[in-house]
Amino acid sequence: MTAHDCRSELLVEARRGRLSEPGRLALDAHLAACPSCRSSYEVSTDFDVADAVDLHDGARIRALADLARGRIGRRGGSVFARARSVAAALIVLGGSASAAVWWWRRPVPSPTSAARVPAGRPIEAAIRPRAASPAAVATTPTPEALPVRQRALRPAARAVALARPIELAGAAAILQQATEARQRGERAQAADLYRRLQREFPASPEAMLSAVPLGGLLLGDGLPRAALTEFDGYLARAHGGALIPEALYGRARALGRLGDRGEERKAWTRLCADFPDSAYAQLGRHRLTEIE
Amino acid sequence: MSVRPPDDLLGLARAVARGDGDAAATLVAEVGGGMLRVVRKVMGHRHPDVDDVTQDAVLALLGALETFRGSSTVAHFARRIALLTALGARRRARVRRREANVDPSAVEEIAGDDLSPLASAVASRRRTLVRQLLDELPQPIAEALALHFILDHTVDEIAEASSVPANTVWSRLRLGKQALRRKLEADAPLAEMLRGPSR
C-alpha cells in the first residue's frame, strides 16, 4: 500500500480507542511499512501533548458563558442554571478543587431535575442540564453592566481578569491557601496545608478533594506509592465526585512510575472509557498504545 | 455502519437558537473547554491571541446554531468552528508576522511530563512546522489536514463537514500529507534533533 492509496480510518479508530485487536495488528503492520501514515500518526500524537489545560481556564470559560448569555439576548435565568454553568466551567477544564467544593455546596436541584440525570458519566451528569427551561427564566441581573456590543468586543483576557473570585471559608479557606501555595510553586507548604486540612476537617468535602492535588504533589516529588494512596483514597470515597478524571489520571501515572503495567492499563482504560472527552483521555489513548 | 448515539446537547442548542440566554451560557460552559483546547492546538498553547480567538469562535458558534442541522454532534460542531476560526485567525496574522518576522506559536510549548526532553522538543518542533504549513497551504487542503490531524476526523466526516465528495477529501489529504512530509524532511533543526547530538 502506498501513500497514495492509504486509508487512514485505522489511525482515527486507534486514536479514538476503538480499534479491535486484529485492527491494531493491522495498523502496526501498516505503520511499520508506510512512512506517510507513520508520520501522520506521530503528528496527531504531537498535538495531544498540546492539549494541556491552564489554571485560569475555568475563569476563561465562565467569562465566555457570561458573554454568550448576554449575546443571545434573553437576560437573567434561574440562579441554579447559572450555578451549573459556572461550576461546569470551573470544573471541566480547571480541575479546580475549589470549584468542585463550590459545586458541592450548590443549591440542591429539585427531584425532578435530578431524576433527569443519567448514570455513567459522573461529572458531566452532575453538572449538565438537559435543556434550559423557559419557565425557569428569572430576572437575575447579568454580572457586568456593559452593553452587549461592548462586551463582545472587549478582549477576552480582560474578561478573565474581571471574573469574580469565589468566597471561601473554614476548610475551604485552607484548601484555597493550599491551592495558592501550589500555584506559587511552594510545594512543601501546599502539601502541609493539604495534610492539615485532612487532619483538622477529615469529614469535609474539602479534605476528600484535597487528596487529588496532594497526590499530584507527591507524584511530582517522586513518591508514587504515597501518591497512589491519595488517589485511591479519593476514588474510594468520591462517588460521582468531580475530580474522578484527575484522580484516575494520577492513579494511572503513579502505577506507571511503580512499573505496574497491568493496573496502569486498567486505569487508563477506565479513564478513556468513562471520560472520553477529557483532556486526559487523549494522553491515556497515547499511553495505552505505548504499553500494549 | 455504526448508529450515532443521541446528542445530549442538541436540546440546548435548539434552545439557544430560539434565543434562550441561559441555554447559551450553559452550552458554552459545556463546549467552551473543548473549543479552547482546539484553538490552543491550532494557535499554539501560549499564543497571545488564544483568548480572543476563542471568544470569536464562541460568537461564531452562537450565530451558526440557528442553521445547525444536527449533521454532527453539537460538541463536534463547536470544535470544528473553533478550528476553522483559529485557522482563519492564523492566516490573517500571517501578514503581520511577515512584517515582524516573529511567529508567536513558535514560543510555546508545554511538555507532557511523560515525554523525555528530546521527545518534547521534537514534538514541539513538528507542531510548529505543521502550523506553518497550515498557514501556507491552500485553504481547503489546510482545513482538511487540520480536521484530520487535530480533530481526528475521518474522511467521511470531513467530507460531510466540508460538503464535498469523499474522494475530494482523499485528494486534499494526500496533497497535504505530501507537503507535510516535504516540510518535515527539509527542516534542519528537526533533522538535527532526530539525528541526535553529533560527536
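Among contacts in chain B between residues at least 6 apart in sequence, 67% join residues at least 24 apart. In chain A, 61% of the contacts with a separation of 6 or more link residues 24 or more positions apart. The model is predicted. The predictor gives the complex an ipTM of 0.81 and a pTM of 0.54.

**Chain make-up**

- Chain B has 9 helices and 0 strands. From the N terminus on, its elements run α-α-α-α-α-α-α-α-α.
- Chain B has 199 residues, of which 46% count as buried.
- Chain A has 17 helices and 0 strands.
- Of the 292 residues in chain A, 43% are buried.

**Confidence**

- Chain B has a mean pLDDT of 81, with 83% of its residues at 70 or more.
- Among the elements of chain B, H3(B) has the highest mean pLDDT (92). Helix H9 (residues 188-195) of chain B has the lowest (75).
- Residues 99-113 of chain B have a pLDDT below 50. Beyond near neighbours in sequence, this stretch has 26 contacts in the model.
- Chain A averages a pLDDT of 67, and 60% of the residues score at least 70.
- In chain A, pLDDT stays under 50 over residues 74-168. The model has 174 contacts beyond four places in sequence for this stretch.
- Residues 1-5 of chain A also stay under 50, with 7 contacts beyond four places in sequence.

**H4(A) against H2(B)**

- The axes of H4(A) and H2(B) cross at roughly 145° and come within 8 Å. The crossing is right-handed.
- On the chain A side, the contact uses A:Asp57, A:Arg60, A:Ile61, A:Leu64, A:Ala65, A:Asp66, A:Ala68, A:Arg69, A:Arg71 and A:Ile72.
- H2(B) meets them with B:Gly21, B:Asp22, B:Ala24, B:Ala25, B:Val28, B:Ala29, B:Gly32, B:Gly33 and B:Leu36.
- By class, the residues of this contact divide into 10 nonpolar, 3 polar and 6 charged.

**H4(A) against H3(B)**

- Helix H4 (residues 57-72) of chain A also packs with helix H3 (residues 50-64) of chain B. The angle is about 35°, and the axes are 10 Å apart.
- This crossing of H4(A) and H3(B) is right-handed.
- H4(A) contributes A:Arg60, A:Leu64, A:Leu67, A:Ala68, A:Arg71 and A:Ile72. H3(B) contributes B:Asp51, B:Thr54, B:Gln55, B:Val58, B:Leu59 and B:Leu62.
- The contact of H4(A) with H3(B) has 7 nonpolar, 2 polar and 3 charged residues.

**Nonpolar cores**

- In soluble globular proteins, nonpolar side chains tend to be buried together.
- The largest nonpolar core has 63 residues. The members that touch the most others are A:Ala68, B:Val16, B:Val28, B:Val39, B:Leu83, B:Ala86 and B:Ala146.
- Helix H2 (residues 21-43) of chain B gives the most to this core, with 13 residues.
- Leaving aside neighbours within four places in sequence, A:Ala68 is in contact with B:Ala24, B:Ala25, B:Val28, B:Val58 and B:Leu62.

**Positive phi in chain B**

- Most residues other than glycine have a negative phi.
- B:Asp152 has a positive phi, near 55°. B:Asp152 sits in the loop between helix H6 (139-149) and helix H7 (155-162) of chain B.
- B:Asp152 counts as buried because 20 C-beta neighbours lie inside 10 Å, and the cut-off for buried is 20 or more.
- B:Ser163 also has a positive phi, near 55°. B:Ser163 lies in the loop between H7 and helix H8 (166-186) of chain B.
- B:Ser163 is exposed, because 7 other C-beta atoms lie within 10 Å and the cut-off for exposed is 12 or fewer.

**B:Ala121**

- B:Ala121 belongs to helix H5 (residues 117-136) of chain B.
- With 16 C-beta neighbours inside 10 Å, B:Ala121 counts as partly exposed.
- B:Ala121 and B:Leu190 are 69 residues apart in sequence. C-alpha to C-alpha, they are 8.8 Å apart in space.

Definitions and conventions: Residues numbered from 1 in each chain as written. Chains lettered and ligands numbered in written order. Predicted model: local features only at pLDDT ≥ 70, side-chain atom pairs only at ≥ 80, totals over all residues. Axes fitted to C-alpha atoms, helices over the stretch in contact; angles between N-to-C directions. Helix = DSSP H or I, 4+ residues; strand = E, 2+ residues; numbered from the N terminus. Left-handed = near helix turned anticlockwise from the far one by under 90°. Contact = placed C-beta atoms within 7 Å. Nonpolar A, V, L, I, M, F, W, Y, C, P; charged D, E, K, R; others polar. pLDDT = per-residue confidence, 0-100. Core = buried A, V, L, I, M, F, W, Y, C linked by C-beta atoms within 7 Å.
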